[in-house]
Amino acid sequence: MSTLRVTAVRVERRRDGAFAETPTPRLSWTVETEGENWRQGSAEIRLDGSDVARVTGSESVFVDWPFPPLAPRARHTLEVRVTGADGEVSPWSDPVTLRSVFLGEGEWRAALVGLADPAGEPCPGLVRAEFDVAKDVAAATLYATAHGVYQAQINGRDVDDAVLKPGWSSYQYRIEHEATDVTALVERGRNAVGMCFAGGWFTEKFGFHGQARRVYGADQPAVAAQLHLTYTDGTSEVVASGPDWRGAAAGVVVTSGIYDGERLDARRAVPGWSEPGFDDAGWPSVVVRDLDVVPSPALAEPVRRTQEVPVREVITTPSGRTVLDFGQNLVGRLRVRVSGPAGEVITLRHAEVLEHGELGVRPLRHAKATDELVLSGGEDVFEPAFTFHGFRYAEVTGWPGALDLDTARAAITAVVIGSDMHRTGWFECSEPLVNQLHENVVWGMRGNFLSIPTDCPQRDERLGWTGDIQVFSPTAATLFDSDAFLADWLRDVAAEQAASDGVLGFVVPQVLPDGDRPAAAWGDAATVVPTVLFERFGDRRALAEQYPSMRSWVDKLVELAGERMLWEGMFQFGDWLDPDSPPDRPGEAKVDQEIVAGAHLVRSARLVARAARELDRPNDAAYYDDVAERARRSWLREYTTPAGRIVSDAQTAYAMAIAYDLVDDETRQVMGDRLAELVRRADFHIGTGFVGTPIIADALTDTGHADVAGRLLLQTGVPSWLYAVTMGATTVWERWDSMLPDGTINPGQMTSFNHYAFGAVADWMYRRLAGLAPAAPGYRQLRIAPVPVAGIEHASARHETPYGVAEAGWRAAGDGDLLVRAVVPANTTAVVELPGTAPYDVGSGRHEWTVADPRVAGDGARAAV
Ligand code: RAM
């Protein structure tokens, strides 16, 4: 019997539902079959069980919408079936219900409303309104957003399970709305809608060195909502926020800040506030505030609660304080169930590490990261609503009674929150420390993919640093389906750039007083991240949409580079956090900052040229190729010797020359050898910062020094990837030595224990160590090319590609043989490059090969070490 079937029909990028954010969403599906070499010949898409569109050809990822454009609030059933190139036809897939989440032109009409009488600044609060439903409701959709963060309730119930809505965007240019199906919450008769809210990112004070200030021009939050009711008789009605709504500085949340934390007072609970019949006579009418942009539909999965982590240990510190250890550095907040005398206050302080046995809060700088819980006298359940902390430890004071392990476990849970992306990458090998490193990279991503890609989740920062995601985006694309998340953020990148004369600055959203300056490897996020979305997800629309942003970044660089075609004399971060940089001067790296800058000009110009070719713009392609070539020649002339030395004789310098393809083949080998020599001289310790770290293992591997890369990976002394693991880290650190070997915290002012940049090596672990890499956009073609290294006996990776699950891995058989296994998804092919064999192509299915283990055969790889 045939096993051919279509699974996972998807609409646009999101994985948590079939949402059409445009009238012509793209469709994707996955085909599974036990058969081998399966290719799609054509596909049929059935709308509402009858209307069938036939799509010829083999594409099954991001296929253009084959029906007339969708209307707002459209709901349709979609099914897909495929015909193989061999003529076999699959059954129809399970139906998926697509829902339009965009509004029609001019349909946004909700006013942004805030409290007339705020108590404090910024002031959390509640707003509400009631409405009558006189007919049977066929469908109800709630569109809502905020200058701040909010949750909406209808008739006493949360409309969804998202938190911190609408997330953080460059609010002055772009703000997103939810479009939640609330049909089940609306009743015939009297209804109520309510929103609870706080300031969140909108009123947070951003900036360092005592310069922190609000940036969005308001010190109070406000919310907007409109409920579209479609009746069974075909008529419709809209209930929208406006001056007739009422609001109060009421509710359990007394004060709230992203950095500071929250004060919750259970005595302030307002029973029934979002239900009909609640007496709001004492609540003043709201005030209407300006909403300068028309909200657009949310493109990415929202932030949700993704896991609960129990207390692992209750510690009494040397000074006698009670500290809970959750065993994992995570991002979220505590849920606490407690009974105690009314008015008693429990204080929770959060931190990532202990120092001298006490909570290590110095790295938090000005972030208080403190929640206060005021008890009602009955049984209370608290969970901060509008804040989050990065922590493994929490200090508890004011607990009524003893807090032993049993009590703590029953009463307190860490609730992990983050953008709710679909996990797609798994890796394991014979070395437990490397597996823990991988686990740490995953946790680092979970904590820092919270509405926007951030640098750290704990201190008074948590910003969308462009350089960090520039280096981490390939790994992010491997571990989770982060296409929607990053495409969403890239819209802010484009908006900020447009407002800044083409410059992509340090952080997006741009909130730093001097943050709109260009810096190499940071602003290059404009070219790199869209390229990653195209290469890893096959997302050509992201590439096309970002193309103007990509181009304007490089145009700006060309302007700055002038006739010499070198980017000189300006501020740079350079190879940030080189392990040899002094704790208080993280930009002082071994590689000159201008060498980094010039290399990035070449790299970004090439990426624009490639995008131009892909998007059918041959003139642009020729122009940017020429820019790249001129910049490359200038770079070589200025910074290299004829024999192949770079004037900064540093690991990162050679890694860039090799990874960004700046030199001819002969010089490349010379530089690869020099790079290996530098690593050897460093006794296999890492010598790179943000720029070099993501590429050094590839640069070594590509020049025949895979075993040197392996020794770097397996190094446990400081600095190295595994040093932090041996120190008990459960996330990747900002500095190679965020914690010093003696257990004290690095004296630098900037020391996070949850930073993804150095975790970028994980991508190499998938692509090279295990051997599972994309060879064509979206993994339409795979490259199976494992690189076994000394010290590891087996390694394997599994990746849920847009076409389905792929696997690759190897195992030393012990007799001089290497067993290699791979799974190639249906409708894809793979080019296979095994040690000692010429490359060849295979079709989909399961594959196994046995080859001579190159490490045993002594082909020089081991001898070179
Ligand atoms: C710090 C962080 C961040 C980096 C900037 C330049 O804020 O290390 O990751 O991008 O500096």
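1. A few terms before we start: a polar contact here is a pair of N or O atoms within 3.5 Å, where within protein one atom must be able to donate a hydrogen and the other to accept it, and residues adjacent in sequence count only if both atoms are side-chain atoms. Helices (H or I, at least four residues) and strands (E, at least two) are DSSP runs, numbered from the N terminus. With that in hand, look at D664, which caps the N-terminal end of helix 11: one of its side-chain oxygens lies 3.2 Å from the backbone nitrogen of E666.

2. Keep in mind that this is a predicted model, in which local features need pLDDT of at least 70 and side-chain atom pairs count only at pLDDT 80 or more, while totals for chains, interfaces and linings use all residues. Residues are numbered from 1 along each chain as its sequence is written, and side-chain values use heavy atoms, with hydrogens and water left out.

3. Back to helix 11, residues 665-681. Its 17 residues reach 24 Å from first C-alpha to last, close to the 24 Å expected at 1.5 Å a residue (the expected span is 1.5 Å times one less than the number of residues). After the helix comes D683, with a positive phi near 55°.

4. What does helix 11 pack against? Its buried residues pack against helix 10 (651-659), helix 12 (693-702) and helix 13 (706-714), with contact meaning heavy atoms within 4.5 Å. Among the buried residues are T667, R668, M671, R674, L675 and L678. Buried means under 20% relative accessible area, exposed over 50%, and partly exposed in between (1.4 Å probe, protein chains only).

5. Five strands make an open sheet in the order 2-7-6-4-5, with mixed pairing; two strands pair if DSSP finds at least two bridges between them. Strand 2 (19-20) and strand 5 (51-56) are the edges, each pairing on one side only. Strand 2 runs parallel to strand 7 (residues 96-100), joined by two bridges, and F19 stands opposite R99 of strand 7.

6. Strand 4 (residues 40-47) deserves a look: seven of its eight residues are buried, so it is largely enclosed by the rest of the structure. Seven bridges pair strand 4 with strand 6 (residues 75-84) in the antiparallel sense, and E44 has R81 in strand 6 as its bridge partner. Strand 5 also runs antiparallel to strand 4, over six bridges, with S42 partnered by T56. Three residues sit between strands 4 and 5 in their hairpin, where D48 takes a positive phi near 55°.

7. On to the aromatics. The structure holds 31 aromatic pairs; rings of Phe, Tyr and Trp (its six-membered ring) pair if their centres lie within 6.5 Å, and planes under 30 degrees apart count as stacked, over 60 as edge-to-face and the rest as tilted. F571 and F573 are an edge-to-face pair, 4.9 Å centre to centre with 85° between the planes. F571 is partly exposed at 35% relative accessible area, whereas F573 is buried at 6%. W733 and F753 also pair edge-to-face, at 5.4 Å and 85°; both are buried.

8. One aromatic cluster includes W465, F506, W522, F571, F573 and W576. The charged end of R517 sits over the ring of F571, 4.8 Å from its centre, and that of R462 sits over F388 at 5.0 Å. For this, NZ of Lys or CZ of Arg must be within 6 Å of the ring centre and within 35 degrees of the ring normal.
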